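Morning, everyone. Please have the model up on your screens. I'll take a few spots in turn.

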Amino acid sequence: MKRSLFGRLWPNVTAVVLFTGFVFPVYWMFSTAFKPTGDIISEDPVWFPVDVTFEHFRTATEVDHFWTYVTNSLTVTVLAVVFALIVALAGSFALARMRFRGRRGFVIGFMLAQMAPWEVMIIAIYMIVRDASMLNSLVPLTLFYMMMILPFTILTLRGFVAAVPRELEEAAMVDGCSRITAFRRVILPLLAPGLMSTSMFGFITAWNEFALVLVLNKDAEAKTLPLWLSGFQTAFGDDWGATMAASSLFAIPILILFVFLQRKAVSGLTAGAVKG
């Protein structure tokens, strides 16, 4: 009886400990954003803010070009995700439905591209963009962000396409649909979980990217929000209140996206990982 109770108890205790470890930094970030400066720099930590202030949020949003940074981040992130999904739909369909020489090597190449760190290519990327006279432009950022999330998107969607029975597609073609029409009307609606999971992953990856924009875009008008986060310093050191407020604002779009898509995204990541 004791062993059975222990067997039921330890997974719950472990889950609570892990949950606390993951959630506490997020809570501390949001709570610090609302604390007065005196509570932040106090030697005795203030676990729950009593005197709530919005001054740090005002400081963060009054930075020069703040709304330009917001617009740039949303533009490159959304465009990169949309373009990656369009290319990945075609690529995943080809890998899942068609048989051609070198197909296995093609898949292995995508896996290797997914594992390779992009930072090792940053000098080559800078030279390419510089020679093309496209520094301080959002176009290279969008293209490279799309390339960063494309391997994962193709590999995940490939599993979903492979899971759709061929008979459904063939039945639609017998009824007069072309292959493209059958894909659009039959297969595409069934890929919704995969599209949501990959789009969320791609959004988070592009939204958080820091190194490329730091190297390629020096003008204030061409920067994105990750660089905005690194700018809260004063003559007395880091402004932790404004930094935490800025980090909270930066995390809100991802949290909103996760709340709306998390159920579909979790099922999509699981299914895409084991099928095909």
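Let's start with a term. Buried means under 20% relative accessible area, exposed means over 50%, and partly exposed is what lies in between. Keep in mind that this is a predicted model.

Now go to H65. Is H65 buried, exposed or partly exposed? Its relative accessibility is 32%, so H65 counts as partly exposed. Where does H65 sit? Look in the loop between helix 3, residues 55–61, and helix 4. H65 is not a glycine, yet its phi is positive, about 65 degrees. For background, most residues other than glycine have a negative phi.

There is another case, N136. N136 is not a glycine either, and its phi is positive at about 60 degrees. Find N136 in the loop between helix 6, residues 122–131, and helix 7. N136 has 28% relative accessibility, so it is partly exposed.

Next, the core. How many residues does the largest nonpolar core have? It has 49. L141, Y145, L191, L212, L225 and W228 have the most contacts inside it. Which helix gives the largest share? Helix 4, residues 66–97, supplies 13 residues of this core. As a general point, nonpolar side chains in soluble globular proteins tend to be buried together.

Zoom in on Y145. Set aside its neighbours within four places in sequence. Y145 then contacts V76, A80, A206, E209, L212 and V213.

On to helix pairs. Take helix 4 with helix 10, residues 192–208. Their axes come within 9 Å and cross at roughly 140 degrees. Helix 4 and helix 10 are therefore oblique to each other. Their crossing is right-handed. Which residues of helix 4 meet helix 10? They are S73, L74, T77, V81, L85 and L89. On the helix 10 side, look for L195, T198, S199, G202, F203, A206 and W207. By class, this contact of helix 4 with helix 10 has eight nonpolar residues, five polar and no charged.

Now the other pair: helix 5, residues 103–115, and helix 7, residues 138–163. The two axes come within 8 Å, and they cross at roughly 130 degrees. That makes helix 5 oblique to helix 7. The crossing of helix 5 and helix 7 is left-handed. Helix 5 brings R103, V107, F110, M111, A113 and Q114. Helix 7 meets them with M148, P151, F152, I154, L155 and R158. The contact of helix 5 with helix 7 counts nine nonpolar residues, one polar and two charged.

Two last stops. P226 is in helix 12, residues 225–229. Is P226 buried or exposed? P226 has a relative accessible area of 8%, so it is buried. What does P226 touch, beyond residues up to four places away in sequence? The list is S73, W207, N208, E209, F210 and F250. P226 also lies 20 residues from A246 in sequence, and their C-alpha atoms are 9.8 Å apart.

Finish with L79, back in helix 4. L79 has a relative accessible area of 37%, so it is partly exposed. In sequence, L79 and V139 are 60 residues apart. In space, C-alpha to C-alpha, L79 and V139 are 9.8 Å apart.

That's my tour. Thank you.

Note on methods
Residues are numbered from 1 along each chain as its sequence is written. This is a predicted model: local features need pLDDT of at least 70, side-chain atom pairs count only at pLDDT 80 or more; totals for chains, interfaces and linings use all residues. Side-chain values use heavy atoms; hydrogens and water are left out. A nonpolar core is a set of buried Ala, Val, Leu, Ile, Met, Phe, Trp, Tyr and Cys residues joined through side-chain atoms within 4.5 Å. Buried means under 20% relative accessible area, exposed over 50%, partly exposed in between (1.4 Å probe, protein chains only). Helices (H or I, at least four residues) and strands (E, at least two) are DSSP runs, numbered from the N terminus. Contact means heavy atoms within 4.5 Å. Axes are lines fitted to C-alpha atoms, for helices over the stretch in contact, and angles run from 0 to 180 degrees between N-to-C directions. Angles under 35 degrees count as roughly parallel, over 145 as roughly antiparallel, 65 to 115 as roughly perpendicular and the rest as oblique. A crossing is left-handed if the near helix is turned anticlockwise from the far one by less than a right angle, and right-handed if clockwise. Ala, Val, Leu, Ile, Met, Phe, Trp, Tyr, Cys and Pro count as nonpolar, Asp, Glu, Lys and Arg as charged, and the others, Gly among them, as polar.
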